[in-house]
Amino acid sequence: MEVCPALSSNDGLKHRKLTPFRVLRGLICLVLLLSTAFMFLVYFGPIAAVLLRFLSIHLSRKTTSLLFGLWLSLWPFLFEKVNKTKVIFSGETVPPMERVVLIANHRTEVDWMYMWDLALRKGCLGYIKYVLKSSLMKLPIFGWGFHVLEFIPVERKWEIDEPILRQMLSTFANPLDPLWLAVFPEGTDFTEQKCKRNQKFAAENGLPVLKNVLLPKTKGFYTCLEILRGSLDAVYDITIAYKHRCPSFVDNLCGVDPSEVHIHVQRIPIKEMPLSESEAATWLINAFQHKDELLSQFVAEGHFPQQGTEGELSTFKGLVNFSVVVALTGIFVFLTFCTSIWFKIYISLACAYLSFSTYLNFRPLPVLGIGKPMLCNEKPKKL
């Protein structure tokens, strides 16, 4: 039995000390992110995700991607320009504006945020939709955003998750709709304790014994391929590693860690993906075995092979985007508190709707489809 492993979540000292100044800076960043998110959601959410959706789901999604992609770009700007974290890409250079499924290893609670750095470079920042645990939908404000952006909540119990996953995935089958569907097949973030349990299970069942990743769960991944295959361009296999510690959300806000994020990308054209469930399961396990080898190589050499596939973000564009988001937020604050009472009524109604729709996973359908089920979590027919 192999001992688990070199890539623990607390390797090394923190890159920067958590000083009182960094704590204050983190609080300022959090207030800024929450306030801008709140104003964007209450002013743009009902228009983009409700009113336009009555006319066209495609139009609604394009508008939502544009407006909320503007806000999401604050995060790569925070990571790369404010925190001075180096984001280093390697592997293949993928083309822009594709419809894809992304699979990634899950090192820590913020892995999914660093996919925004790749998406921004490809013009697809507002396209990302994550499969995430349903408890995250209860987060204040951010939960509303996850709902508006059509993230897929799961309980991590297949008998409960399968009908929800199939129903929501079936609404993404239009090849004209923007889509980067991100899946973490391990189902949870990596820890040494989970790794040891996983290694024991693998050894007892004749599966690969991995030391830097967990064995992937295959059913959800195959369901994504099964339903979306006809409208996808490719699958992106993403491997993420950090120097010198895996960051937490607080580390990111305060600019403490990480010093470097390394993201290795492999593009697999959809026509090369297996058709049957058993073959897709074998492919996914082999892909994670390869991730394990890549991460061992990263530990030994300090980098992935074929570095330098993506350039740096433009500081000028980041500052312009930041200024636009802050200016719009300032206008919304002025309208809310310094003008007509009707804006306050609108905000109240928007908050009530966002709370209701997020709790029930509710999204309206176009007027012409009014006779169809209105709740996304209604059990669909088997495909």
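The model is predicted, so local features are reported at pLDDT of at least 70 and side-chain atom pairs at pLDDT 80 or more, while totals for chains, interfaces and linings use all residues. Residues are numbered from 1 along each chain as its sequence is written, and side-chain values use heavy atoms, with hydrogens and water left out.

- Leaving out residues up to four places away in sequence, Trp75 touches Leu33, Met113, Trp116, Phe142 and Phe249, where contact means heavy atoms within 4.5 Å.

**Helix 8 against helix 10**

- Helix 8 (residues 219-228) packs on helix 10 (residues 277-301) at an angle of about 120°, with the axes 9 Å apart; axes are lines fitted to C-alpha atoms, for helices over the stretch in contact, and angles run from 0 to 180 degrees between N-to-C directions.
- Helix 8 is therefore oblique to helix 10, given that angles under 35 degrees count as roughly parallel, over 145 as roughly antiparallel, 65 to 115 as roughly perpendicular and the rest as oblique.
- Lys219, Phe221 and Tyr222 of helix 8 make the contact with Glu277, Ala280, Trp283 and Leu284 of helix 10.

**Two buried residues**

- His264 lies in strand 7 (residues 260-269) and counts as buried at 8% relative accessibility, since buried means under 20% relative accessible area, exposed over 50% and partly exposed in between (1.4 Å probe, protein chains only).
- Not counting residues up to four places away in sequence, His264 touches Ser90, Gly91, Asp237, Ile238, Thr239, Leu294, Phe304 and Pro305.
- Leu74, found in helix 3 (residues 74-82), is buried with a relative accessible area of 6%.
- Beyond its neighbours within four places in sequence, Leu74 is in contact with Leu33, Thr36, Asn321, Phe322 and Val325.
- Leu74 and Leu349 are 275 residues apart in sequence and, C-alpha to C-alpha, 27 Å apart in space.

Technical notes. Helices (H or I, at least four residues) and strands (E, at least two) are DSSP runs, numbered from the N terminus.
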